[in-house]
Amino acid sequence: MSSPLLLSYDTEPHPIAGPTLTALLSRWLPRQRWFAHRERAVTGVSVTAATELAPDIFHLLVRVEQDGLPQDSACYQLLLGAVTDLPPRLNGCLLGRMEGPRGQGLQVYDALYDPRATILLLDRIRRGGVTGALRFESFPRSSVPAGLMPHVLEAEQSNTSIVYGDEIILKLFRRVQPGINPDLEIPGVLARHGYTRVPPPVAWFHTSQPFWGTLGVVQRFLRGATDGWALALESAVGQGDFSEQARELGRLTGELHVALAESFPVGEPTAEHHTRLADQMTHRLLHAAATVPALRSHVAGVREVFIKLATTDGGLHLQRIHGDLHLGQVLHADGRWHVVDFEGEPAKPLAERRADRSPIHDIAGMLRSFDYAAHVEKGARPEWAARCRKAFCDGYGDTGLFDPQDVPVLLHAHEADRAVYEVLYEATHRPDWITVPLRAVARLARHH
């Protein structure tokens, strides 16, 4: 059957949609919240892989080039529909109109918001096997239930997740890189290890074109869960006491790091590790200060923090970690905490996100998150954050392989590096919040 969107579906090497579609994508992509570097102009879009899931539903991988970016391009995953009459309930998903191969008018839309398409996608995952460039697989002794109604979560920024019947959740990685995504890799390994504080993966799918890359993973959905950020913010604003929850989060993080150290190889840092790490942190500091003038008065103080790191003897082992741990990555359900979202920072290369790092990186991320909860609303509550930080470190010391309070130079440097990253992030994405990390940078620079 000739597909209306894919002009040469039956031809090799792969079906390429016409220039009208790529023109629509060039205008539509920068408006999506999961699209990276929206401030940069799109200078090129091309379809690199296309698979027909139904005569009017298509899975696409598109390569996007943007002006001014050092990397060559980025690859994005899309699920598009093309119909002659778009149901009114999907009007908000319309990309635009184009002419089909037989001259018919087509309306192209984001099919991830079309239950018919997302049910079709999950059914394809459930049945397994191969369709075009797509490979659908399941974990042993796991099964994807059928007949569940989908709804799209709106909270995410870098990906899109669909919950089916409050039983399972399908996370689609919008920006796709070659290789296995750690959000599939780590939960899968931890499930085999017997670790129960991470929702186990059930199934996944990947592409073989234009490279091998993870596209999505299905996990058990934690029904009725509340994320840690919402709970912590409520406590901070209400002048509550979050210490016991913070201690439990510390215990959870310690247990997670032990499970990861038992599941993946662990390495010892080289003699030059701290020097090289301090150099990298200093480079990020200078880059951020060149972009954000308000940071410049703190450069000297923060550099002293990194110099202390470079001259510190010894160090912690290096291992797989969460990579982007903060209050938004933990869920409270069934009376206990769970950890989700092991993707790391999506803007970084996959190899970097899968590399071994010091567990202090995760600890610093959570400590910075307490600071955010204490300062984003009106009225700073530094005492609230201080109690949470202390309780979290105490909890980590209960279950982890070390006490974070015993390595103050490492912790101080990683917190400063994280706060510098946050300053740059807020300057680009949330200027109203930039005083939160700037205040932290000033504090950390003073107490070196």
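Predicted model: local features only at pLDDT ≥ 70, side-chain atom pairs only at ≥ 80, totals over all residues.
Start at Tyr372, which counts as buried at 7% relative accessibility. Here, buried means under 20% relative accessible area, exposed means over 50%, and partly exposed covers what falls in between, using a 1.4 Å probe and protein chains only.

Residues are numbered from 1 along each chain as its sequence is written, and side-chain values use heavy atoms, with hydrogens and water left out.

Now for the overall picture. The protein chain has twelve helices and 16 strands; these are DSSP runs numbered from the N terminus, with helices being H or I of at least four residues and strands being E of at least two. Its C-alpha trace spans about 70 × 50 × 45 Å along the principal axes. The radius of gyration, taken over C-alpha atoms, is compared with a globule rule of 2.2 Å times the number of residues to the power 0.38. For 448 residues a compact globule would come out near 22 Å, and the protein chain's 23 Å agrees with that. Of those 448 residues, 55% count as buried.

Back to the rings. The whole structure holds twelve aromatic pairs. Rings of Phe, Tyr and Trp (its six-membered ring) pair if their centres lie within 6.5 Å; planes under 30 degrees apart are stacked, over 60 edge-to-face, and the rest tilted. Take Trp34 and Tyr76: their ring centres are 5.9 Å apart and their planes sit at 45 degrees, so this pair is tilted. The two come from distant parts of the chain, 42 residues apart, with Trp34 in the loop between helix 1 (19–28) and strand 1 (42–54) and Tyr76 in strand 3 (residues 74–83). Trp34 is buried at 7% relative accessible area, and Tyr76 is buried too, at 0%. Then there's Tyr372 with Trp433: centres 6.2 Å apart and planes at 50 degrees, so that pair is tilted. Tyr372 belongs to helix 9 (residues 360–375) and Trp433 to the loop between helix 11 (408–429) and helix 12 (435–446), so the pair ties together parts 61 residues apart in sequence.

Ring pairs also link Trp28, Trp34, Phe35 and Tyr76 into a cluster. Elsewhere, the charged end of Arg320 sits over the ring of Phe264, 4.9 Å from its centre. To count, NZ of Lys or CZ of Arg must be within 6 Å of the ring centre and within 35 degrees of the ring normal.

On to the strands. Strands of a sheet pair through backbone hydrogen bonds, either parallel or antiparallel, and two strands are taken as paired here if DSSP finds at least two bridges between them. Strand 3 pairs with strand 5 in the antiparallel sense over four bridges, with Val83 partnered by Gln107 in strand 5. Strand 4 (residues 94–99) runs antiparallel to strand 5, joined to it by five bridges; Leu94, for instance, has Tyr109 of strand 5 as its bridge partner. In the hairpin of strands 4 and 5, with five residues between the strands, Gly103 takes a positive phi near 85 degrees. Five of the six residues of strand 5 (residues 105–110) are buried, so the rest of the structure largely encloses it.

Next is an open sheet of seven strands in the order 6-7-12-13-10-9-8, with antiparallel pairing. Strand 6 (129–131) and strand 8 (150–152) are the edge strands, each pairing on one side only. From one strand to the next, the twist averages 20 degrees. Strand 8 and strand 9 (residues 160–164) run antiparallel with three bridges, and Val152 has Ile162 of strand 9 as its bridge partner.

Another open sheet has three strands in the order 14-15-16, with antiparallel pairing. Strand 14 (226–227) and strand 16 (336–339) each have a single partner strand, so one side of each has no neighbour in the sheet.

Finally, the cysteines. A disulfide is a pair of cysteine sulfur atoms within 2.5 Å, and the count comes to zero.

How values were computed:
Axes fitted to C-alpha atoms, helices over the stretch in contact; angles between N-to-C directions.
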